[in-house]
Amino acid sequence: MIEIVSARRCIACDLCVKACPANVFDAMPDAAPVLARQADCQTCFLCEIYCPTDALYVDPNAEGPTAVTEAGIEAAGFFGSYARALGWRRGRPGGAEHDPTFRLRAAAR
């Protein structure tokens with residue numbers, strides 16, 4: 001279940017809002033999206049995967065919210081860990097085929 005949207009890391013690109021199949025987020029003007037419907041999260045990790053700044057944390061526990069803090073997730077190195085596990089590393093050279101956000105950015109145009 002989606003647990004954290006880090007306002008400090010977020011660049012307000014709203015890619016997570018666009019990627020979420022369950023409409024969990026509400027976009028906010030010039031700010032990080034809000035977890036408006038956390039209970040609707042399907043724990044698909046799409047928001048975390050597509051976030052270009054690793055500002056989201058999805059806990060694999062799909063049963064309900066867990067007691068995690070942003071500081072704890074940061075210290076554990078969990079921000080962006082799911083994307084890294086899939087082999088989607090930020091800043092890797094090569095172009096669009098290595099950029100997990102290129103499809104969503106192109107669709108937004």
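Ser-6 lies in the loop that connects β1 (2-5) with α1 (15-19), where helices (H or I, at least four residues) and strands (E, at least two) are DSSP runs numbered from the N terminus. This is a predicted model, in which local features need pLDDT of at least 70, side-chain atom pairs count only at pLDDT 80 or more, and totals for chains, interfaces and linings use all residues. Residues are numbered from 1 along each chain as its sequence is written, and side-chain values use heavy atoms, with hydrogens and water left out.

- Ser-6 counts as buried because its relative accessibility is 0%; buried means under 20% relative accessible area, exposed over 50%, and partly exposed in between (1.4 Å probe, protein chains only).
- Beyond its neighbours within four places in sequence, Ser-6 has contacts (heavy atoms within 4.5 Å) with Ala-55, Glu-70 and Phe-79.

**Chain organisation**
- Five helices and four strands make up the secondary structure of the protein chain, in the order β-α-β-β-α-β-α-α-α along the sequence.
- The protein chain has 109 residues, of which 36% count as buried.
- Of the contacts between residues at least 6 apart in sequence, 60% join residues at least 24 apart.
- The protein chain exposes about 6,100 Å², with 55% supplied by carbon and sulfur atoms; accessible areas come from the Shrake-Rupley method with a 1.4 Å probe, and for residues only the protein chains shown count as cover.

**Confidence**
- The mean pLDDT (the predictor's confidence in each residue, from 0 to 100) of the protein chain is 84, and 81% of its residues reach 70 or more.
- Over residues 91-97, pLDDT stays under 50, and the model has four contacts for them beyond four places in sequence.
- Where pLDDT is low, predicted coordinates should not be read in detail.
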